Amino acid sequence: YGRFEIRAQLPQGQGTWPAIWMLPTDYVYGGWAASGEIDIMEAVNLKVTDSDGIPESAIHGTLHYGKAWPENVYSGAEYHLPGGINPADGFHTYAIEWEESEIRWYVDGVHYATQRDTGWYSQYLDNGDIVTGITGAPFNQDFHMILNLAVGGAWAGSVNDGGINEAAFPQTLAVDFVRVYECSVQPSTGEGC
């Protein structure tokens, strides 16, 4: 639990898929996504115009959970920077505050989404029986952070213009800093962020 802040400038172009995300270290509840995934920030194809002629500018904060793939589920929210600013035009700070029963998403200090343990769950097989994880599962275990720039893939390659625009490359996911804070009131539950 804690506060996780990453200041980054995102790439642009058809086929780009930058992500700042977290996966479980030990997969206590089984394979992906029964043991969870926390997407602090994902974006695809920034600045590529959609079918309405509007440049792509959404960033997404998402949780993946439930059962192991392909029976997993996800929930999340998208956010657009104020004033039509595109995340590829400069550095922005992407953050989550992760408490025992709640995860909150922020961009540049603006809180845009909250998810609670009443909405997520984990189900896994134990000796052939389906078991539902304890309250808070799967987001009650150790996770590690990943920062990556994928090219193409099921999401980026299937929306906007489709595929990969090789003329858009090279691209960079530029990272200024990564900061992780322990929350002061109760570090074991994340209270106090």
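**Entry 1: the cysteines**

I looked up Cys183 first, and it counts as buried at 2% relative accessibility. Buried here means under 20% relative accessible area, exposed means over 50%, and partly exposed is in between (1.4 Å probe, protein chains only). Before going on, I noted that this is a predicted model, where local features need pLDDT of at least 70, side-chain atom pairs count only at pLDDT 80 or more, and totals for chains, interfaces and linings use all residues. I also noted that residues are numbered from 1 along each chain as its sequence is written, and that side-chain values use heavy atoms, with hydrogens and water left out.

What is Cys183 joined to? A disulfide links Cys183 to Cys193, with S to S at 1.5 Å. The cut-off for a disulfide is a pair of cysteine sulfur atoms within 2.5 Å. Both cysteines lie in the segment after β12 (174-181), so the pair ties together parts that are 10 residues apart in sequence. Cys193 is partly exposed, with a relative accessible area of 32%. I wrote down a total of 1 disulfide for the structure.

**Entry 2: salt bridges**

Next I went through the charged pairs. A salt bridge needs a side-chain nitrogen of Lys or Arg within 4 Å of a carboxyl oxygen of Asp or Glu. The structure holds 9 of them.

I started at Arg104, which counts as buried at 10% relative accessibility. Its side chain meets that of Glu97 in a salt bridge, 2.9 Å from N to O. Arg104 also forms a salt bridge with Glu99, where the closest N and O atoms are 3.0 Å apart. Are these two glutamates buried or exposed? Glu97 counts as buried at 7% relative accessibility, and Glu99 counts as buried at 18%.

Then I checked Glu102, whose side chain meets that of Arg116 in a salt bridge (2.9 Å, N to O). This pair links distant parts of the chain: Glu102 is in strand β7 (residues 102-107) and Arg116 is in strand β8 (residues 110-116), 14 residues apart. For the labels, helices (H or I, at least four residues) and strands (E, at least two) are DSSP runs, numbered from the N terminus. Glu102 is buried, with a relative accessible area of 15%, while Arg116 counts as partly exposed at 46%.

Which residues are linked in a network of salt bridges? I listed Arg3, Glu5, Glu97, Glu99, Glu102, Arg104 and Arg116.

**Entry 3: strand β3**

I moved on to strand β3 (residues 37-42). Here 6 of the 6 residues are buried, so the strand is largely enclosed by the rest of the structure. I looked for its partners, knowing that two strands pair if DSSP finds at least two bridges between them. Strand β2 (residues 16-24) pairs with β3 in the antiparallel sense over 4 bridges. Met22 stands opposite Ile38 in β3. Strand β4 (residues 59-66) also runs antiparallel to β3, and 4 bridges join them. Glu37 has His64 in β4 as its bridge partner.

**Entry 4: rings**

Last came the aromatics. Rings of Phe, Tyr and Trp (its six-membered ring) pair if their centres lie within 6.5 Å; planes under 30 degrees apart count as stacked, over 60 as edge-to-face, and the rest as tilted. I noted 9 aromatic pairs in the structure.

Trp17 and Trp155 have ring centres 5.7 Å apart and planes at 85 degrees, so I put the pair down as edge-to-face. Where do the two sit? Trp17 is in strand β2 and Trp155 in helix α1 (residues 153-156), 138 residues apart, so to speak distant parts of the chain. Trp17 is buried, with a relative accessible area of 19%, and Trp155 counts as partly exposed at 26%.

Tyr29 and Tyr124 form a tilted pair, 5.5 Å centre to centre with 50 degrees between the planes. Tyr29 lies in the loop between β2 and β3 and Tyr124 in strand β9 (residues 123-126), so the pair ties together parts that are 95 residues apart in sequence. Tyr29 is buried at a relative accessible area of 9%, whereas Tyr124 is partly exposed at 23%.

I also found one aromatic cluster, formed by Tyr1, Phe4, Trp98, Trp120, Phe139 and Phe143.

For charges over rings, the rule is that NZ of Lys or CZ of Arg is within 6 Å of the ring centre and within 35 degrees of the ring normal. Arg3 lies over the face of Tyr106, at 5.2 Å from the ring centre. The charged end of Arg179 sits over the ring of Phe177, 3.7 Å from its centre.
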